[in-house]
Each structure stands twice: as structure tokens, then as C-alpha cells.
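This report describes pockets in a protein model and then turns to one residue. Please examine the structure shown below before reading on.

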Amino acid sequence: DEGLKFGIYSSPGVTTCGNYLGSIDHEENDARMYNEWGIDYLKYDWCGYQQKWMTEKDNYTRASFIRPYMLMEKYLREQPRDIFYSLCQYGWEEVWKWGPMVDANSWRTTGDITDTWESMSDIGFRQQEDLYPYAAPGHWNDPDMLVVGKVGWSANLRDSRLTPDEQYTHISLWSLLASNMLIGCDLAQLDDFTINLLCNNEVNAVNQDILGKQAKRVALDGDIQVWARPLADGTVAVGFFNLGDKAADVDITKYYNAIAQDKYVGIPFTAPVAIRDLWRQKDLDNTSYSIPSHGVRLLKLTTKK
């Protein structure tokens with residue numbers, strides 16, 4: 001009644017990462033069971049398949065990485081229910097190039113994220129930089145879950161080690177990347193700050209934009225990175241990120257040409273430009289901002305008529 005979706009976790013191997021039974025040799029039965037149970041989302045994690053994979057004569061070939069995911073795809077296709085198929089094998093063998101071939105709706109592009117600036121920024125900025133051509137409606141790059149709020153396991157829950165500015169950067173970048181927004185924290189312990197991070201409708205609208213284009217880095221200027229994502233309404237969402245250790249003063253007009261002339265972004269806007277601050281949900285007149293260390297300005301830019 002609340003519109004919630006129901007997800008489940010398994011592995012093509014003997015066991016999952018948590019040492020529960022995987023789906024090996026029971027793929028057809030499991031797919032039927034997922035349909036009967038009303039499953040909406042399947043995360044299919046390589047984990048326990050490693051043991052079988054090491055015995056295969058063609059291991060280390062792309063075919064050997066594809067095989068277990070294609071097998072489950074066969075049986076998911078036979079079900080009358082739509083089940084989101086999420087591959088998790090850490091980006092091996094450039095999964096973004098073959099994920100759509102096995103009907104995957106998303107695929108992990110990296111190893112596991114942790115709630116540190118080093119992990120989050122490396123995964124988000126460096127490891128996603130060249131993956132924008134492979135995202136499209138129904139097929140998404142997945143840089144792993146969100147590490148905001150109370151994170152950890154059971155009795156070891158603790159506040160995320162990301163600073164507030166780093167958490168704004170995290171959510172902004174993942175929204176621009178059109179990535180899965182999977183909450184990795186304890187829902188029972190959400191504080192107001194985390195709720196506001198996760199429930200800003202203008203930021204979430206960027207993530208869910210139906211054009212389905214992932215952001216591309218269009219400018220690299222010292223510690224400043226500019227990532228732009230064209231939106232279905234003809235506007236462009238732009239993140240101005242400061243990866244440096246000190247606050248930086250940024251005049252965004254400096255980067256207008258880089259955004260407007262990028263063929264992938266494809267938004268040939270011209271000055272004067274209407275500026276919408278998506279986190280603050282307000283229109284802005286100024287174009288110069290101080291961006292804190294590891295912080296962001298997430299804006300929506302539109303040519304004024």
C-alpha cells in the first residue's frame with residue numbers, strides 16, 4: 001500500500017558473501033520463486049561463484065564472467081513479473097560493455113565503497129569518469145550504495161565518517177551519475193540531516209530524469225571539477241565540485257563554454273543564464289560562489305528567454 005519495492009540478494013555461486021545459500025544449480029527454481037514471492041529487485045553477487053569459476057578451463061575470458069549472469073537472465077525472462085536485475089561483480093571485464101547483453105538493469109562498476117572521502121571520491125570521480133557512454137534508460141552504471149547516515153553492521157552502527165560537505169558531494173555526484181540510489185544506512189535511525197539529504201525532490205529529479213544520460217566531466221581546473229548532465233526538459237544539471245583541502249572561490253561563468261560546447265551534453269545555452277540552486281531550492285542571481293573543501297554547488301542552468 002505504501003508503494004515500497006521488495007528486493008532480494010543471491011549469488012550464482014554456492015554461497016553469498018554472507019555465507020547463505022546461493023543459486024547455483026537452482027537458478028530456474030529460484031527465478032520462479034522470485035516471481036511467486038513478488039520480488040521486484042534481484043542483486044546477484046559474484047561472491048561464492050569464484051570457487052566454480054576457478055575450475056573452468058576458460059576462466060579469465062569475458063565469456064566466463066558472462067556465463068553465470070546469462071543463465072539467470074534466461075530464467076528471469078521466463079517469469080511474467082518485471083524483476084530489476086542488478087549485477088554485482090565489481091566491474092571485472094568491463095561489465096558496462098556487456099551488461100545490457102544479459103538484460104542487466106544495472107551493474108557494479110567498482111569494488112565495495114566505504115564511508116571515507118578517499119573511497120567515495122575515488123569511486124565517484126576517478127572510476128566513473130569514462131563510463132557515461134554506457135548508461136541509458138533501463139541500463140545503469142552502479143558505483144555502489146550510499147554511505148550516509150548510520151552505517152556499519154548491526155551493533156557496530158556509527159555515524160558516517162564523511163563530513164556534511166562530503167555527504168552533499170556524495171549525493172550530488174551519484175544523482176548526476178544516474179546511479180542506483182541504494183540507502184546503506186539504518187532506516188530506523190535516520191536523523192533530520194540524512195532525511196533532508198535523501199528527500200530533496202529537486203535533487204532526486206536529476207537522478208531520475210527520463211532522458212537517462214549520465215553526467216560527464218566537462219572541465220578539470222586544478223581542484224575544481226565540473227560535471228554536467230543534460231536533462232529531458234532541455235536544461236542541464238551541473239555539479240561544481242571542490243576536491244581540494246581548502247575552500248575555493250569559483251565564478252561559474254568561466255565554465256559556460258565548456259558546458260555549452262560539449263557534444264555529449266548537447267545543451268547549447270547562451271548567456272544570460274537562469275541559475276537554480278537545487279539543494280537550496282531557490283533561484284540565484286549571482287554567479288560567484290565559495291565552495292567549501294570537498295564540497296559542491298549543484299545547479300540547474302537554463303538559457304533565459
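## The largest pocket

In this predicted model, the largest pocket has a volume of about 1,100 Å³. Its lining is made up of 31 residues, and those closest to the pocket centre are Lys43, Asp144, Met145, Trp153 and Gly184.

Two strands contribute to this lining: strand E1 (7–10) and strand E2 (41–45) each provide at least two residues. Sorted by class, the lining of the largest pocket contains 17 nonpolar, 5 polar and 9 charged residues.

## The second largest pocket

The second largest pocket holds about 900 Å³ of space. A total of 23 residues line this pocket, and Lys5, Asn180, Met181, Leu182 and Gln208 are the ones nearest its centre.

The classes of these lining residues can also be listed. The second largest pocket is lined by 13 nonpolar, 7 polar and 3 charged residues.

Lys282 belongs to strand E13, which covers residues 282–284. Is this residue buried, exposed or partly exposed? Lys282 has a relative accessible area of 43%; because this value lies between the limits of 20% for buried and 50% for exposed, Lys282 counts as partly exposed.

Which residues does Lys282 contact, leaving aside its neighbours within four places in sequence? These contacts are with Ile275, Arg276 and Asp277. The position of Lys282 can also be compared with that of Leu299: the two are 17 residues apart in sequence, and their C-alpha atoms are 9.9 Å apart in space.

Key: Residues numbered from 1 in each chain as written. Predicted model: local features only at pLDDT ≥ 70, side-chain atom pairs only at ≥ 80, totals over all residues. Heavy atoms only, no water. 1 Å grid on protein atoms, 1.4 Å probe; cavity = no way out; pocket = protein on both sides within 12 Å on 5 of 7 lines; lining within 4 Å. Points joined across faces, edges and corners; volume = space filled by probe spheres on them. Helix = DSSP H or I, 4+ residues; strand = E, 2+ residues; numbered from the N terminus. Nonpolar A, V, L, I, M, F, W, Y, C, P; charged D, E, K, R; others polar. Buried < 20%, exposed > 50% of the residue type's maximum accessible area, 1.4 Å probe, protein only. Contact = heavy atoms within 4.5 Å.
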